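Dear colleague,

My notes on selected parts of it follow directly after.

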Amino acid sequence: MESIPVRPGVAIAPGDIRRVATAIRRRVLEHTLENNGGYLSQACSSAEILATLYLRVMQLGPSTAPPIPRPFAGVPGADNPHAFTGADYNGAPAPELDRFIFSPVHYALVLYALLIELGRLGPDALAAFNRDGSTVELIGAEHSPGHEVTAGSLGQALSQAGGIALARRLRGDSGRVWVFMSDGEFQEGQTWEAFAALAHHRLGNIGIYVDANAQQCDGPMDTVMTTEPLAARLRAFGADVREVNGHDPEALAEAGAGVGGLSAPRVVIARTDACRGIDRLRERWPKLHYVRFKSEAEFNLYRGLLAGLSEGDD
């Protein structure tokens, strides 16, 4: 499909968002087949959320990064002037533009796929995926395309985003800070400490979208360590909460309205299906976290599904 650039002031139809979401799933499935492994269910659950954020919710400038990602230049530090982050794929920083913080870094391939579909990454950007010396990492880091901070310990990105939001308010920036999280991160104590700080500082310039697919690496969340009732718990911590269907672009976009003019952080709990668009994954339930094919027959079955993921599928 042709890329759909983000053009301020130009309306993006829900159908366009759904086409991007389908293309994300197709690309992630293709990559999972090529490598006999991948975070496939995360693409199923989050594709509409991320596509809606980029196409309808966030105000970002055009990418200023190279279409083919740069090689790793070393960790940031006073003695390394060549270090960089992947934030420039989200546009140059400006007081009036938004910032995007990507928290569940094992979803990195989903974000790369989205950036390719939107023309922010080149179509060959995945050629160096998960190779030594590459920034296109399996588990994203601050130098990976679309990433701005290192968030390998789930939950810590929200704390960093809170600091960015506070600094932006103190500077008088009108741009907002958006965070994408997974629901498993609410099993981390740091997440709740961060929400206490966000509420204390009345940071209404931060919006948090949560992929609530009810799955984590050890299985269903309600059997590992439940986080429900999540909305009530977040409200008790001072957040302004919306709950929506995470596969409905209109509902997702409407839930982000008003961020920047609030006195509390906005949290959008997007209830999602970890098998959306690839129904065959239900045969693997509850082991959905990372997909590897167990036989030639299963590989061929999913290869057939790839051909069926046509543009416009919901």
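A residue is called buried under 20% relative accessible area, exposed over 50%, and partly exposed in between, with a 1.4 Å probe and protein chains only. The model is a predicted one: local features need pLDDT of at least 70 and side-chain atom pairs count only at pLDDT 80 or more, whereas totals for chains, interfaces and linings use all residues. Residues are numbered from 1 along each chain as its sequence is written, and side-chain values use heavy atoms, with hydrogens and water left out. Helices (H or I, at least four residues) and strands (E, at least two) are DSSP runs, numbered from the N terminus.

Aromatic residues

Rings of Phe, Tyr and Trp (its six-membered ring) pair if their centres lie within 6.5 Å; planes under 30 degrees apart count as stacked, over 60 as edge-to-face and the rest as tilted. By this rule there are 13 aromatic pairs. One of them joins Y112 and F129 edge-to-face, with 6.3 Å from centre to centre and 75 degrees between the planes. Because Y112 belongs to helix α3 (residues 108-117) and F129 to the loop between α3 and α4 (156-171), this pair ties together parts that are 17 residues apart in sequence. Y112 is buried, at 0% relative accessibility, and F129 is also buried, at 11%.

A stacked pair is formed by F186 and F195, whose centres are 6.0 Å apart and whose planes are 20 degrees apart. F186 is buried at 3% relative accessibility, and F195 is buried at 1%.

A charge counts as sitting over a ring if NZ of Lys or CZ of Arg is within 6 Å of the ring centre and within 35 degrees of the ring normal. R70 is placed in this way over the face of F84, at 4.2 Å from the ring centre.

D183 is located in the loop between β2 (177-182) and α5 (189-200). For charges, Lys and Arg count as positive and Asp and Glu as negative, while His and the chain ends are not counted. A salt bridge is a side-chain nitrogen of Lys or Arg within 4 Å of a carboxyl oxygen of Asp or Glu. D183 is buried but has no salt bridge, and R271, the nearest side chain of opposite charge, is 5.7 Å away.

Which backbone nitrogens does the side chain of D183 reach? They are those of N213, at 3.2 Å, and of A214, at 2.8 Å. Both are polar contacts, that is, pairs of N or O atoms within 3.5 Å; within protein, one must be able to donate a hydrogen and the other to accept it, and residues adjacent in sequence count only if both atoms are side-chain atoms. Contact in the wider sense means heavy atoms within 4.5 Å. Apart from neighbours within four places in sequence, D183 is in contact with V210, D211, A212, N213, A214, Q215, M221 and T227.

Backbone geometry

Most residues other than glycine have a negative phi, and most peptide bonds are trans. A214, the residue reached by D183 at 2.8 Å, has a positive phi of about 65 degrees although it is not a glycine. A214 sits in the loop between β3 and β4 (215-216) and is partly exposed, with a relative accessible area of 41%. R202 likewise has a positive phi, near 50 degrees, and is found in the loop between α5 and β3 (206-212).

Two cis peptide bonds deserve a mention. E228 and P229 are joined by one with omega about 0 degrees, and P229 lies in the loop between α6 (221-224) and α7 (230-236). W285 and P286 are joined by another, with omega about 5 degrees; P286 is in the loop between β7 (266-271) and α9 (296-308).

Two buried helix residues

V28 lies in helix α1 (residues 14-35) and is buried at 0% relative accessibility. Not counting residues up to four places away in sequence, V28 touches Y39, L40, A43, L109, V110 and A113. V28 and S182 are 154 residues apart in sequence, and their C-alpha atoms are 18 Å apart.

L114 is in helix α3 and is buried, also at 0% relative accessibility. With neighbours within four places in sequence left aside, L114 contacts V20, I24, L50, A51 and Y54. Between L114 and D240, 126 residues apart along the chain, the C-alpha separation is 28 Å.

Yours sincerely
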